[in-house]
Structures are given as structure tokens and as C-alpha cells.
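Please consult the sequence and the structure shown below while reading.

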Amino acid sequence: MHARRRFLKGAGALSAMLPLMGLPVFAAPGPVRRPRGSPAPGSIGKTSLWYDSPAVEANVLREGLPIGNGRLGALVGGDPARDFLYLTDGSMWLGGLNDKLDKEGQFNYTTADFGGLTMLAKLYVAVEGHEFANITDYRRELDLAQGYIRISYRKGNVRYVREIFASHPDDVVVVHLSQSGGGKHGGSIELLGTHGEANQGDGANLRFDGKLENGLKYGAQVKAMASSGTVSAHGSTLRFDGCESLTVIFCGGTNYAPHLATGYRDQALDPLVRSREKVEAAAKVSAAVLLHTHMADHRGLFDTMSVDFGASSDEQRAMDTWKRLQARAQTNSTADPELEASYLQFGRYLTIAGSRDKLPTGLQGLWLGDNDPPWMADYHNDVNLQMNYWLPDRAGLSSCFDAMANYCLDQVESWTAITHRFFNDPSNGFRNSSGKLAGWTVAISTNIHGGNGWWWHPTGSAWLCNSLWQHYQYVMDHDYLARVYPLMKGACEFWEARLLTISVTDPSTGSKREVLVDDADWSPEQGPKNAKGNTYSQELVWDLFENYRQASTLLGRDADYAAKIAQMQARLYLPRVSDKNGWLEEWMSPDNLGEVEHRHLSPLIGFFPGDRLHPSSSPPALIEGVTKLLQARGMVGYGWGCAWRAICWARLKNPEKAYQLLLTNLSPAHNHHNGTTQNFFDFYQMTADTDCFQIDANYGTPTAMLEMLLYSRPGVIELLPALPSAWAAAGRVTGIGARGGFRVDLTWRDSHVSSATVHSIGGTKTTLKHGQWSKTIVLRAGESITVAPES
């Protein structure tokens with residue numbers, strides 16, 4: 001507690017942080033706002049993924065369709081005879097604080113110590129006589145715009161429909177079976193835990209609860225209701241017979257609470273009781289009302305952006321999503337702009353489903369196929385977590401960033417304490433050689449229990465703060481900035497203690513000067529672990545110092561300390577171009593000390609997501625160094641690596657290379673190769689015989705698509721900077737976020753902007769650019785302006 005008080009006293013803004021600290025993720029049910037009228041129709045086809053057969057359970061991660069409400073997620077199969085839902089709660093984590101180092105200076109990185117995300121339950125709904133061979137006219141569809149799964153088929157003269165969704169307002173998952181034509185449903189419902197729990201059934205309910213080895217309590221409940229017929233419990237199974245329609249409501253969760261002082265638990269919370277409360281509350285209204293409430297909530301977010309890259313052919317539209325992906329991947333295939341637009345919208349859909357006001361999205365989001373996900377489905381913060389949050393602000397979903405900000409605010413108390421206890425431990429090869437220590441940082445991985453995993457990652461604090469600051473640039477919310485300011489200041493304090501002074505020779509003059517460099521470190525995730533002045537660290541620290549100075553001025557705080565940080569920023573060593581290979585140096589060396597085609601683009605961090613390097617403002621020699629390094633890295637790799645490359649090519653205004661990388665990620669993932677699976681998830685090859693789902697490319701690739709349409713930095717919004725020829729004929733996008741506090745609607749024809757409407761959400765002044773045309777605009781919050789750039 002003493003460390004906590006010192007941190008908060010030094011950082012300030014305690015009153016701004018308190019509302020976010022200690023609140024349980026599994027909150028008590030409250031009043032639900034029910035919409036009036038009927039749901040607005042969705043644009044079926046352009047914003048839907050559909051298939052003509054059910055998912056195979058053995059391939060759940062490749063074929064199951066995802067739903068989620070930001071806390072609960074599920075993968076759904078759609079088999080009429082025995083449907084499955086693989087259910088996950090974002091706080092269902094193994095492990096704990098994990099505040100010990102091994103003799104090599106690493107935090108333990110196992111499920112027993114560090115932990116990892118694990119499944120909550122499996123739910124099965126079986127309908128007798130509805131085997132796939134006995135039905136016709138089957139269609140399984142994920143409606144991205146409405147946010148639900150719809151399965152329809154015929155059996156004889158009866159049309160059966162199944163609607164499945166995860167409601168954020170009601171905090172439940174709903175399965176609704178209906179029919180038209182006089183049919184009946186009969187079958188069974190099973191609720192299975194994934195940790196050996198014993199189920200209990202009574203009346204129309206099933207339930208289980210348990211406790212993990214780390215003390216985390218959890219529970220789940222299912223209730224089934226029928227419009228006719230009967231529902232009854234038979235041991236650990238519910239039986240339903242003669243039902244014209246059937247509604248199954250699921251809820252479950254844990255007693256996790258993001259607060260170090262309570263051990264990340266709410267001991268007064270009984271998850272089974274909470275689950276029952278939410279199920280019973282939802283059961284008081286009809287399935288139609290539950291669906292309408294969910295749709296209205298979902299569309300309130302989804303409809304903030306529309307995407308039109310042009311029309312696809314009738315032949316393309318007639319194919320289901322998997323056949324369509326395979327057809328597009330054929331050599332010399334015809335462009336399929338609606339497919340590509342749906343991929344962008346799928347990234348937005350996953351953002352809404354996976355990141356609301358609860359925990360942020362990790363390596364697999366809320367969607368697991370078993371209890372042993374790769375890398376424990378954790379929070380990797382040397383690109384992966386950050387990539388998950390490049391999209392929300394650009395995609396009109398700024399509120400979905402809140403989970404990321406809240407996580408950092410809730411965890412920094414523990415991160416600070418662990419930094420002070422262990423960072424300068426003699427076993428840590430990254431320790432500060434000066435012996436000084438202040439502020440906070442993290443390891444490569446973090447968990448929800450305040451813990452760290454794998455190697456220390458000194459620059460992690462700077463990169464997390466880069467994400468927090470860039471969100472401010474989009475929303476221009478001073479209250480938010482006041483909340484995250486202590487994190488930024490704490491990160492500056494860490495780097496103030498860490499930076500070393502060394503002497504370097506200026507190659508242009510031959511004179512020596514003293515500069516500040518990062519201590520012994522590495523360029524993730526390659527190269528020597530004891531190099532000084534890595535470009536990755538130098539650029540992120542420069543960015544941290546720049547952003548902190550601006551925050552200090554905006555909030556009117558700590559002027560003297562900000563002046564000190566400015567002096568340090570001016571002394572930072574910044575990368576040069578190697579005279580051996582022409583690349584922007586990754587280390588303070590003209591030599592390449594790692595893999596040429598490495599998956600990470602660590603030395604380009606100042607180009608993206610940073611802004612220090614840019615073609616319009618940087619010396620041409622530096623941009624040439626960026627270009628040559630990017631060329632050397634290659635055009636293939638993991639999905640997230642291709643997404644990062646695509647963004648960089650877009651910033652270099654090379655639309656065809658950016659588009660090529662988009663198509664690389666869209667290529668079908670066959671035989672364990674990198675690419676997109678049937679359900680649009682991004683998979684990458686781990687070994688010759690294994691692959692894995694990792695969600696960051698599903699966010700990073702849509703980010704690249706939006707960067708091709710609009711680039712923004714404070715004071716500048718550039719329209720269509722890298723429009724590929726496949727989208728050039730005509731298109732329209734509404735709701736793109738722009739830094740400086742704006743949103744932009746665009747229409748174009750023959751690669752030229754026809755019109756652009758700029759809406760201010762807190763911004764004041766910016767300059768619009770398109771080719772050689774530019775116009776400076778000044779708006780008050782809430783105002784809009786429409787311009788037609790000169791061709």
C-alpha cells in the first residue's frame with residue numbers, strides 16, 4: 001500500500017482515477033433501456049458472412065462464427081441437429097501476480113504461474129430428427145450490421161430459424177429457435193464446464209460453479225423457455241418436447257475485480273448468484289425484445305461507419321464466403337470489392353463484440369477453441385495488444401478503446417510496484433546500469449492479475465502511452481487526458497532514470513556530442529539483448545517525451561518537469577541510415593544484427609505508429625532508408641506482420657504494395673499456411689504441422705485499409721493518400737476518425753475525391769489535402785463542412 005500511495009501522490013489525479021478502480025467486471029444487473037419500434041433492416045449480403053453448411057466442431061476456431069458483448073464471447077457451430085457454443089468470459093484467467101524472476105531474469109511464463117485465458121463453458125442444443133442429411137435450403141449467416149447469427153433451413157414443408165446473439169445491454173447469450181409451418185422442436189440442452197465441474201439441473205435451469213486454483217470463483221446458468229410443449233430437467237440435461245419455439249438464455253462470469261488492494265477479487269460476489277440474476281432478468285421479456293434491444297445497441301456502434309469500395313458481380317455474390325475467399329485468391333482473379341469491404345467491417349464487428357467497457361482484447365479476443373491457447377491468449381505489448389487498438393478510433397468506435405485505457409489504469413499500480421521490486425534485480429539483463437529506478441514499465445506479456453510474463457520489456461511503458469495519447473488525439477477529451485496523465489508521467493520518470501549519456505561522432509562534421517540512449521536492451525524480438533540505443537526504444541521514448549510535454553501544457557501541470565523532459569528529448573540519439581545497406585538502422589550500428597526478413601518492424605516505429613518520420617516532413621534520405629528497410633523485410637509473413645507492412649506502404653503512398661499485402665492476408669489458410677479461415681479469423685503457421693488463431697491481424701489489416709483512404713496527424717488530414725486501383729473507380733466511406741478531433745465522410749470517382757464532409761467532435765483547425773489541393777478549415781465542436789477538392 002505504501003508504494004501505491006507514493007505513486008498516486010506523485011502522479012496526481014487520484015479523484016479522476018477512483019471511479020475506474022476496483023469495479024467488478026461481472027456487474028450487477030441494472031435497468032435496461034428498451035428501444036421502441038421495430039429493428040431497422042440490415043444490408044444483407046454486403047455486411048454478412050454466410051455458408052451453406054454447419055461448422056465442424058473439430059474445426060471450431062476455423063469455422064465457428066463469433067459473437068460477443070465485450071465480456072462474454074462464443075463460437076457458434078450452427079448444426080441443426082446438435083448446435084454448439086464455445087463460451088468464454090474475458091476474466092476467466094488462470095495464474096496470478098507472478099511477481100518472481102528466475103535466475104535468467106525472466107518472469108515465469110507458464111499457465112501455472114503467469115496464467116492465461118481459459119474457456120468458461122460449452123453449451124449444446126440438440127434437436128431430434130434435424131440431421132443435416134434430413135434438411136434442405138440451409139444457410140448459416142453472421143450479420144455484421146445487426147450483430148447476430150441466423151441459421152435457417154427447411155425440413156419438409158416447415159421453415160426453421162435459429163437466432164443467436166450476445167447482448168451487451170442484458171449481458172446474456174441468447175439462442176432462439178422458431179419455425180413457420182406448424183413444426184415442433186424436441187431435443188435436449190447440455191451445459192458443460194471445462195474444468196471438471198458437476199452440473200445441476202432443476203425445472204428449466206442448468207447451472208454449475210467452481211473455483212480455479214488461483215482462487216477465482218466462477219459460475220454459469222442456463223434457462224430454457226418454450227411457447228408451447230414442455231421443458232424439464234433430467235439430471236444434468238434439460239429436455240424439451242413439442243415446442244413451437246424455444247429460447248435458451250445463458251449467463252456466466254467470475255468474481256474478478258481489477259484492483260490490487262483486493263487481490264483482484266470481489267469476495268462478496270457469488271458468480272452463480274449473479275448469473276442467475278441476469279438470466280432471470282432477461283427471461284422477463286420475450287426473445288424478440290431481447291434481440292431488438294441487442295440490435296439497437298449494436299447498430300448504435302456499427303452504423304457509425306459505412307464502407308463502399310464498389311460493386312461485386314452477381315456471380316461473386318452467389319458464392320458463400322469460403323468459396324468467395326478461395327475464388328479471389330486464384331491467379332488473375334477479378335477484384336471483389338464487397339468482400340474486401342466486409343473484411344474491414346468484420347474487424348469493426350470484432351471490436352464491438354470483443355472490446356466494450358470491460359477487459360481489453362488479447363491475442364485471441366473472447367474466442368477460444370480449448371483451454372490451451374497459444375501464448376495463453378495473453379496481452380503481448382510489443383505490438384500485438386497495441387495493434388488490437390489501432391482500429392477503434394479510425395473506425396468510428398472510439399468508445400471501444402475504453403477497455404484498453406481502463407486496463408492500463410487498473411494495472412499500473414501493480415506494474416509500478418513490480419518495477420520497483422524487480423527491475424534492477426541483478427538477474428535482469430535489462431536492468432538500469434546506473435542503479436537508478438523510478439516510474440513503471442512492464443514485461444513482454446501482462447495478465448489481468450497485475451502480473452508480468454516472459455522477458456522484461458523496458459520500452460513497453462512508452463508504447464502503451466503512445467496508444468493512450470493517440471486515442472486522446474482522436475477524441476480531444478481533457479477529462480480522459482487527465483486520467484491517463486499519471487501513467488505518462490510515470491513512464492517519463494522510468495526513462496529519466498534509465499537513459500544513459502554516451503558520446504557519438506557526427507558523421508557529417510566529425511565532431512563529437514553527448515546523447516541519451518536506452519540502456520542494454522533488444523529490438524523485439526530479435527538481435528542482441530544487450531545493445532544500447534536501439535531505434536525501437538529511441539523512437540518510442542522520443543514520442544513519449546513529446547506527448548508528455550503536450551499533455552503537461554494542455555492540462556497546465558508540472559511545467560518544470562515538462563521543461564526537463566524537453567531538454568532530455570532534445571538530447572536523444574535518433575537513428576541514421578546505414579552506409580552499408582542503405583536501411584534505416586535498427587541498432588546503433590551500420591550492420592544488421594538480426595534477421596533480414598524478421599516479422600517485427602521495430603526500427604520503423606517512428607514511421608508508424610509514430611509520426612516523427614513522414615515523407616512530407618522528413619529528410620528524403622531518411623525516408624529512403626525507411627523504404628529500403630521495408631523492402632528488405634519482404635512482402636510475406638504472419639498476418640499481423642503483413643498488416644503492419646501494409647500500413648507502412650500506405651504511408652509511403654504506395655497503394656499497390658499495401659493492397660498486395662491485404663490480399664496476402666485474405667488468402668485462404670490452407671494446410672497450416674498463413675491466411676484467412678472460413679470464419680474470417682487470421683491464422684498463421686507455427687510449425688510444419690500446426691497453426692494458430694491470432695486476432696491482431698483481424699484488426700491491423702482493416703487499419704491498413706483505412707490508412708489507404710485517410711492519413712491524419714495533428715493539423716493535417718490527407719484524403720485518399722494510397723487508393724489502390726481495385727477501389728479507384730468509385731467508392732464511399734463515412735465516419736473515418738481523424739486525429740485532431742474529426743470524423744470524415746468521403747466519396748470518390750476515378751481516384752479523385754468528389755466530396756468530403758468533415759465533422760468536428762472536439763477539433764478546431766486542420767488542413768485538408770488531396771494531391772496538390774489543400775484547404776484549411778476551422779470548426780467548432782459539433783460543426784461540419786463539406787468541400788469538393790479541385791481535381
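How much space lies in the largest pocket? The model is a predicted one, and its largest pocket holds about 380 Å³ of space. The points below describe the lining of this pocket and then the arrangement of an open sheet.

**Largest pocket**

- The lining of the largest pocket consists of 18 residues.
- Nearest the centre of the pocket lie Trp469, Gln473, Asn547, Gln550 and Pro714.
- Two helices, α12 (460-475) and α14 (535-555), each contribute at least two residues to the lining.
- Of the elements that contribute, α14 gives the most, supplying six residues.
- Sorted by class, the lining comprises six nonpolar, six polar and six charged residues.

**Open sheet**

- An open sheet is built from seven strands, arranged in the order β2-β3-β4-β7-β12-β17-β16.
- Pairing within this sheet is antiparallel.

**Pairing of β7 with β12**

- Strand β7 spans residues 121-127 and strand β12 spans residues 185-193.
- These two strands run antiparallel and are joined by seven bridges.
- Ala121 has Gly193 in β12 as its bridge partner.

Key:
Residues numbered from 1 in each chain as written. Predicted model: local features only at pLDDT ≥ 70, side-chain atom pairs only at ≥ 80, totals over all residues. Heavy atoms only, no water. Pairing = 2+ DSSP bridges. Helix = DSSP H or I, 4+ residues; strand = E, 2+ residues; numbered from the N terminus. 1 Å grid on protein atoms, 1.4 Å probe; cavity = no way out; pocket = protein on both sides within 12 Å on 5 of 7 lines; lining within 4 Å. Points joined across faces, edges and corners; volume = space filled by probe spheres on them. Nonpolar A, V, L, I, M, F, W, Y, C, P; charged D, E, K, R; others polar.
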